[in-house]
Amino acid sequence: MSYQITTQKELRQTFWRDHPYLTRVPGKTQNQYPADTRVAWVEYVDAMAREGVISDALANRATL
């Protein structure tokens with residue numbers, strides 16, 4: 001991968017961009033989203049960490 005995501009804000013932006021079929025609701029916290037959205041988030045963060053796009057530290061602290 002030619003770029004590195006270093007902040008939770010950037011990670012969330014790319015998640016919502018890459019998952020247009022999921023509904024983003026400003027003001028909702030992570031646990032207020034449906035299970036399918038939370039599962040997609042966890043899988044996305046895990047994949048980004050394995051591909052080296054984000055650090056393990058960011059993966060461990062990232063919340064939707």
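The legends below describe an overall view and several close-up views of one predicted model.

Residues are numbered from 1 along each chain as its sequence is written. In this predicted model, local features need pLDDT of at least 70, side-chain atom pairs count only at pLDDT 80 or more, and totals for chains, interfaces and linings use all residues, while side-chain values use heavy atoms, with hydrogens and water left out.

**View 1**
Along the sequence the pattern reads α-α-α. Helices are DSSP runs of H or I with at least four residues, strands are runs of E with at least two, and both are numbered from the N terminus. The C-alpha atoms fill a box of roughly 30 × 20 × 20 Å along the principal axes. The radius of gyration is 11 Å, which agrees with the value near 11 Å that a compact globule of 64 residues would have. This radius is taken over C-alpha atoms, and the globule rule is 2.2 Å times the number of residues to the power 0.38. Of the contacts between residues at least 6 apart in sequence, 61% join residues at least 24 apart; contact means heavy atoms within 4.5 Å.

**View 2. The surface and charges of the chain.**
Accessible areas come from the Shrake-Rupley method with a 1.4 Å probe, and for residues only the protein chains shown count as cover. Of the 64 residues, 33% count as buried. Buried means under 20% relative accessible area, exposed means over 50%, and partly exposed lies in between (1.4 Å probe, protein chains only). There are 8 positive and 7 negative side chains, and the centres of the two sets lie 9 Å apart. Lys and Arg count as positive and Asp and Glu as negative, without His or the chain ends; each charge is placed at NZ of Lys, CZ of Arg, CG of Asp or CD of Glu.

**View 3. The largest nonpolar core, a set of 18 residues.**
A nonpolar core is a set of buried Ala, Val, Leu, Ile, Met, Phe, Trp, Tyr and Cys residues joined through side-chain atoms within 4.5 Å. The residues with the most contacts inside this core are I5, L11, F15, W41, M48 and I54. Helices α1, α2 and α3 each supply at least two residues of the core. Helix α2 gives the most, with six residues.

**View 4. The buried side of helix α1 (residues 8-18).**
L11, T14, F15 and W16 are buried in this helix. An α-helix has 3.6 residues a turn, so residues three or four places apart point the same way. The buried residues of α1 pack against α2 (35-50) and α3. Leaving out residues up to four places away in sequence, F15 touches L22, T37, A40, W41, Y44 and L64. T14, also in α1, is buried because its relative accessible area is 10%. Beyond four places in sequence, T14 touches I5, Y44 and M48.

**View 5. T37 and A40 around F15.**
T37 lies in helix α2, and its relative accessible area of 3% makes T37 buried. Apart from residues up to four places away in sequence, T37 touches F15, W16, L22 and L64. A40 is found in helix α2 and is buried, at a relative accessible area of 12%. With residues up to four places away again left out, A40 touches F15, H19 and L22. A40 and L22 are 18 residues apart in sequence, and their C-alpha atoms are 9.2 Å apart.

**View 6. A57 and R61 in helix α3.**
R61 is found in helix α3, which covers residues 56-61. R61 counts as partly exposed because its relative accessibility is 45%. Setting aside neighbours within four places in sequence, R61 is in contact with T6 and Q8. Q8 is 53 residues from R61 along the chain, and the two C-alpha atoms are separated by 8.3 Å. A57, in helix α3, is partly exposed, with a relative accessible area of 44%. A57 and D46 are 11 residues apart along the chain, with their C-alpha atoms separated by 12 Å.
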